[in-house]
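Good morning. I have one structure to go through today, and I will keep to what can be read from it.

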2 protein chains.
Amino acid sequence: MDLIHTGAEMRAWSRAARARGERVGFVPTMGYLHEGHLSLCRVAHEHADRVVVSIFVNPTQFAPAEDLSRYPRDEEGDLAKCRAEGVAAVFLPPVEEMYPPGSQTFVTVEELTRGLCGENRPTHFRGVATVVSLLFHLVEPDVAVFGEKDYQQLKVIQRLVRDQAFPVTIVPGPLVREPDGVAMSSRNAYLTEEERRQATVLSRSLFWARDEVAAGRAVDPALAAEVRARIEQAPLAEVDYVSLVDDDDLTPLTEATSRPARIAVAVRFGRTRLLDNVQMVPMGS
Amino acid sequence: MDLIHTGAEMRAWSRAARARGERVGFVPTMGYLHEGHLSLCRVAHEHADRVVVSIFVNPTQFAPAEDLSRYPRDEEGDLAKCRAEGVAAVFLPPVEEMYPPGSQTFVTVEELTRGLCGENRPTHFRGVATVVSLLFHLVEPDVAVFGEKDYQQLKVIQRLVRDQAFPVTIVPGPLVREPDGVAMSSRNAYLTEEERRQATVLSRSLFWARDEVAAGRAVDPALAAEVRARIEQAPLAEVDYVSLVDDDDLTPLTEATSRPARIAVAVRFGRTRLLDNVQMVPMGS
């Protein structure tokens, strides 16, 4: 497994692979890898001959008051996991390599980033789109995999790729859960034992809604309101949002829909903000 | 000469050229080509085996009140000129090909676009950076040529390429002037005979300053103030700005400098806004 620290080496590596007729798959991460990330590597292997994982805790997607400095890191553990997954190269650029002094270019995706996480984290997706665009220029992948856990992020990247005509195919990776249903996230490491126990309310509430719909219930805002009420029964849960949105363009749904929709939630437990979401497919849709 | 209308064809053309071992040079334009554009094609030929010219009047770089709808067009004349210059392909995408419905992604370069033209045209460079980034993804050139007439634009593109690590070399093309000194511009076509005559004040004033500096005068804000006063002697000239800036990062200079600087001007004659600029190299710099 090759460890690569500069953009120039990364591009040369990728071009050499493609010159040999190999397809390059890419999984961008912020490290502290868990089974969710590794599942994305497996998806990448299904679409590519060589898989590159980047590990870069991207400062531009954190607001000043957010958890950049305490974001969990475990480079040695990450590399061992990548090796075990058959990853061909890990790209670990230092911050100065990605954002040298004087850097001032940003990529924004507008409508899609206004609601949900964009509302309370107004510069977050600008940072994500900027770093993903930069990483695509350096890694030059044929295929890149983004997890459905960060569903809004996936949609933003798909839009970015379409609008800016990146020659990259985006493949979604299904959300991976712990045995108790909690969506896998590096930030789960922050949770106390009690917070972790109560965090199961997210998936339980979302699965309840999904099962209701599967049993014939309408997909409408009342459903999201009930999900919210269920989550709020957990004493440590502070709801940031519980939103019913169109599954494709993320517009908030204010009445019943017959099209695929999604309930997306962001909920704080102590200082830790967790995301989860589930697709709702109305009967006959 | 190949005429190409879709992004997919454009990319295929460029990749086929590179697969033959040819370097692709690129000159993005808004059409209505003049000797200035053609000089950029010649610069491109010095750095590439095959030259692509794009002709696309980019709506995102015009503000609502600006001259998008009346921007001059002459496709037939443009194609004849490209043919005569040995251009290998002209890329003429329709607007819907570049910005399909739902497009919402923008690229911004921040500090460099605050002053000069960015001050009165706040979304102009966002449109330029967005379309150039998109064009680079479609044309995938090895080299792209941008004229020094739009000096701030050149700097913005150089910054964009560095910050976002585009695998493209940017080559500046020297400003080309009419015999009477007026900088070549498609917008010169808007000028009345009298406006056109008075427009020579721009280059005359800038050349005066350059010659003063060559003769040993200091490069300081008083010099720009004198250029401004000279320009204002033309009754039809309405100064938008006359700025002394650092030649590299465009920061406004508020005292004498020993480094290369530039005086950049934007001046309206009637409804037509003209740009010009000249480099000032202090003695011993």
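Predicted model: local features only at pLDDT ≥ 70, side-chain atom pairs only at ≥ 80, totals over all residues.

Chain A averages a pLDDT of 97, and 100% of the residues score at least 70. For the model as a whole, ipTM is 0.96 and pTM is 0.97.

Next, the contact. Chain A puts 23 residues into it, and chain B puts in 23 residues. On the chain A side, the elements that give two or more residues are α1 (7-19), β5 (105-109), α6 (124-139) and α7 (151-163). Of these, β5(A) gives the most, with five residues. Sorted by class, the chain A side has 10 nonpolar, eight polar and five charged residues. Do the copies meet through the same surface or through different ones? Of the interface residues of chain A, 100% are also interface residues in chain B, so the copies meet through the same surface.

Let us look at the β5 strands themselves. How many bridges join β5(A) to β5 of chain B? There are five, and the two strands run antiparallel. Two of the pairings can be named. Thr105(A) has Val109(B) as its bridge partner, and Phe106(A) stands opposite Thr108(B).

Staying with β5(B), its side chains can be sorted by direction. Thr105(B), Val107(B) and Val109(B) point one way, while Phe106(B) and Thr108(B) point the other way. Both groups are buried. With five of its five residues buried, β5(B) is largely enclosed by the rest of the structure.

The largest one has 162 residues, and Ile263(A) and Ile263(B) have the most contacts inside it. If we leave out residues up to four places away in sequence, Ile263(B) touches, among others, Leu206(B), Ala224(B), Val242(B), Leu244(B) and Met280(B). Its contacts also include Ser243(B) and Asn277(B).

Met98(A) sits in helix α4, residues 95-98. Is Met98(A) buried or exposed? It has 21 C-beta neighbours inside 10 Å, and a residue needs 20 or more to be called buried, so Met98(A) counts as buried. Apart from neighbours within four places in sequence, Met98(A) is in contact with Phe56(A), Pro93(A), Val131(A) and Leu134(A).

The other is Ala237(A), in strand β8, residues 237-246. With 21 C-beta neighbours inside 10 Å, Ala237(A) counts as buried too. Ala237(A) and Phe269(A) are 32 residues apart in sequence, yet their C-alpha atoms are 5.3 Å apart in space. Phe269(A) is one of the residues that Ala237(A) touches, and others include Gln198(A), Val201(A) and Ile231(A).

How values were computed. Residues numbered from 1 in each chain as written. Chains lettered and ligands numbered in written order. Contact = placed C-beta atoms within 7 Å. pLDDT = per-residue confidence, 0-100. Helix = DSSP H or I, 4+ residues; strand = E, 2+ residues; numbered from the N terminus. Nonpolar A, V, L, I, M, F, W, Y, C, P; charged D, E, K, R; others polar. Pairing = 2+ DSSP bridges. Core = buried A, V, L, I, M, F, W, Y, C linked by C-beta atoms within 7 Å. Buried ≥ 20, exposed ≤ 12 C-beta atoms within 10 Å, placed from the backbone.
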